[in-house]
Amino acid sequence: MSLDTARQAVDLAFELGKDSACVSFFGGEPLLEWPLILQIIDYAKQQSRKVGKHIVFRMSTNGTLFTEEMLQVCKENRVLFAISLDGNEQAHNAQRLTAQGTGSFKLVDEKLEMMLRYNPLTVATSVITPQTVDRLADSIHYIWSRGLRYIVHQLDYTHPDWTPKVMEQLSKSYEQLALWYIERMRAGDAFYMNLFDDKLRTHIRTPIKLGVLCDFGAKKISIAQDGTIYPCVQFVSDREDTTDFRIGHVSSGLTPRWQELIAANKQERTDCKGCALLGRCSNYCGCLNWQTTGSVTGVSPILCAHEQMLIPIADEIGNILFKEKNPMFIRKHYKHLKETDFVHDFD
């Protein structure tokens with residue numbers, strides 16, 4: 001991306017942001033463009049002072065290029081980041097290779113201590129594939145042992161090798177992770193694990209509403225390197241089938257297509273009508289639906305099977321910890337709620 005395009009993107013963020021703006025760096029690997037990132041940060045801070053709106057920064061990176069100097073800049077400018085870490089060495093190297101075809105695990109592992117020293121809020125993002133389902137328990141122990149306390153698991157729904165047998169293996173791995181989660185709660189440990197925490201919240205709080213889980217351009221937009229605007233990073237691609245999701249350009253602003261796509265994502269998922277889990281699963285993510293079915297409102301059978309398997313496991317965690325009146329569980333999921341916000345308690 002040129003600096004001029006980046007500046008226009010920053011200006012648009014301030015224009016659209018009510019009281020603040022967030023600039024998030026993604027790729028590819030954003031650290032390959034570190035000099036440009038420094039320029040964007042400087043410009044965004046100047047504009048923040050000029051327009052009187054707060055600015056925050058985010059980054060998704062594999063972390064392998066981090067230096068102490070880079071991390072110092074991130075700390076000084078409050079650039080929070082998530083790193084790609086699929087678990088232990090076997091899990092990570094099964095799908096994270098360097099350009100030379102070798103595993104990248106050691107390149108990340110050797111820098112974790114340094115990353116956490118500068119950013120204790122470092123998020124570990126782990127992608128689950130059929131090749132890693134049997135390594136999830138070992139992987140969570142590794143991630144925890146390295147000091148990471150913010151853990152995000154994402155299933156690769158587009159992978160061609162999902163089968164009933166593999167899903168059964170995944171279910172067993174989730175049950176192992178559930179035991180680990182309960183153990184950590186009983187020990188009084190503070191952490192975030194989206195896999196279960198997000199599902200527990202949908203039980204305790206108001207169910208997810210259409211357009212909330214996936215804002216699809218309503219709260220966040222993504223800018224391609226040429227300045228084209230998309231409703232989500234998922235569409236920043238050279239694929240021809242993404243052209244219908246172009247919603248403007250940084251040089252000319254947003255088009256009516258922007259609001260059309262936001263409205264489309266708020267349509268009911270007809271495949272899910274009558275489902276008892278409606279409002280609790282990821283079927284509301286229009287980006288994911290498009291990736292797996294080609295339609296914003298179409299729901300992948302793999303996604304459906306996954307949610308039907310995951311949610312009962314998460315609820316069993318809730319049942320156990322709520323009956324125990326586990327202090328950490330109550331503090332994590334109930335402390336910010338009023339009684340009228342509860343859908344129902346675990347019992």
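Here are some questions and answers about how features of this predicted model get their labels.

Q: What makes Phe-216 and Phe-245 an edge-to-face pair?
A: Look at two values: the ring centres are 6.5 Å apart and the planes stand at 85 degrees. Centres within 6.5 Å make a pair, and planes over 60 degrees apart count as edge-to-face. So the pair of Phe-216 and Phe-245 is edge-to-face. The pair links distant parts of the chain, with Phe-216 in the loop between α9 (194-204) and β7, and Phe-245 in the loop between β8 (228-230) and β9, 29 residues apart.

Q: Why is Phe-216 called buried?
A: Its relative accessibility is 1%, and buried means under 20%. So Phe-216 counts as buried. Phe-245, with a relative accessible area of 7%, is buried too.

Q: What makes the aromatic pair of Phe-235 and Phe-245 stacked?
A: Here the planes are 15 degrees apart and the centres 4.3 Å apart. Planes under 30 degrees apart count as stacked, so that's the label for Phe-235 and Phe-245. Both residues lie in the loop between β8 and β9, so the pair ties together parts that are 10 residues apart in sequence. Phe-235 is buried, with a relative accessible area of 0%.

Q: How many aromatic pairs does the count come to, and which residues form one aromatic cluster?
A: The count comes to 15 aromatic pairs. Trp-144, Trp-180, Tyr-181, Phe-191 and Phe-196 form one cluster.

Q: How do you know that the charged end of Arg-149 sits over the ring of Trp-144?
A: The charged end of Arg-149 is 3.5 Å from the ring centre of Trp-144, and the distance cut-off is within 6 Å. The charge also has to be within 35 degrees of the ring normal, and Arg-149 is listed as sitting over the ring. Lys-332 lies over the face of Phe-191, at 4.2 Å from the ring centre.

Q: What makes the contact between Arg-96 and Asp-86 a salt bridge?
A: The N to O distance is 2.8 Å, and a salt bridge needs a side-chain nitrogen of Lys or Arg within 4 Å of a carboxyl oxygen of Asp or Glu. So Arg-96 and Asp-86 qualify. Arg-96 lies in the loop between α4 and α5 and Asp-86 in the loop between β3 and α4, so the pair ties together parts that are 10 residues apart in sequence.

Q: Are the two partners, Arg-96 and Asp-86, buried or partly exposed?
A: Arg-96 has 24% relative accessibility and counts as partly exposed. Asp-86 has 4%, so Asp-86 is buried. The line between the two labels is 20%.

Q: How many salt bridges does a search of the whole structure find?
A: The search finds 13 salt bridges. One of them joins Arg-184 to Asp-189, with the closest N and O atoms 2.5 Å apart, and both of these residues are buried. Another joins Arg-257 to Glu-260 at 3.1 Å. Arg-257 and Glu-260 both lie in helix α10 (residues 257-265), 3 residues apart, about one turn of the helix. At 23%, Arg-257 counts as partly exposed, and Glu-260 does as well, at 43%. Elsewhere, salt bridges that share partners join Glu-183, Arg-184 and Asp-189 into one network.

Q: Why are β9 and β10 called paired strands?
A: They are joined over 2 bridges in the antiparallel sense. His-249 has Gly-253 in β10 as its bridge partner.

Q: What makes β7 and β10 edge strands?
A: The open sheet has the order β7-β8-β9-β10, with antiparallel pairing. β7 (222-223) and β10 (253-254) each pair on one side only.

Notes: Residues numbered from 1 in each chain as written. Predicted model: local features only at pLDDT ≥ 70, side-chain atom pairs only at ≥ 80, totals over all residues. Heavy atoms only, no water. Pairing = 2+ DSSP bridges. Helix = DSSP H or I, 4+ residues; strand = E, 2+ residues; numbered from the N terminus. Phe/Tyr/Trp six-rings, centres within 6.5 Å; stacked < 30°, edge-to-face > 60°. Buried < 20%, exposed > 50% of the residue type's maximum accessible area, 1.4 Å probe, protein only.
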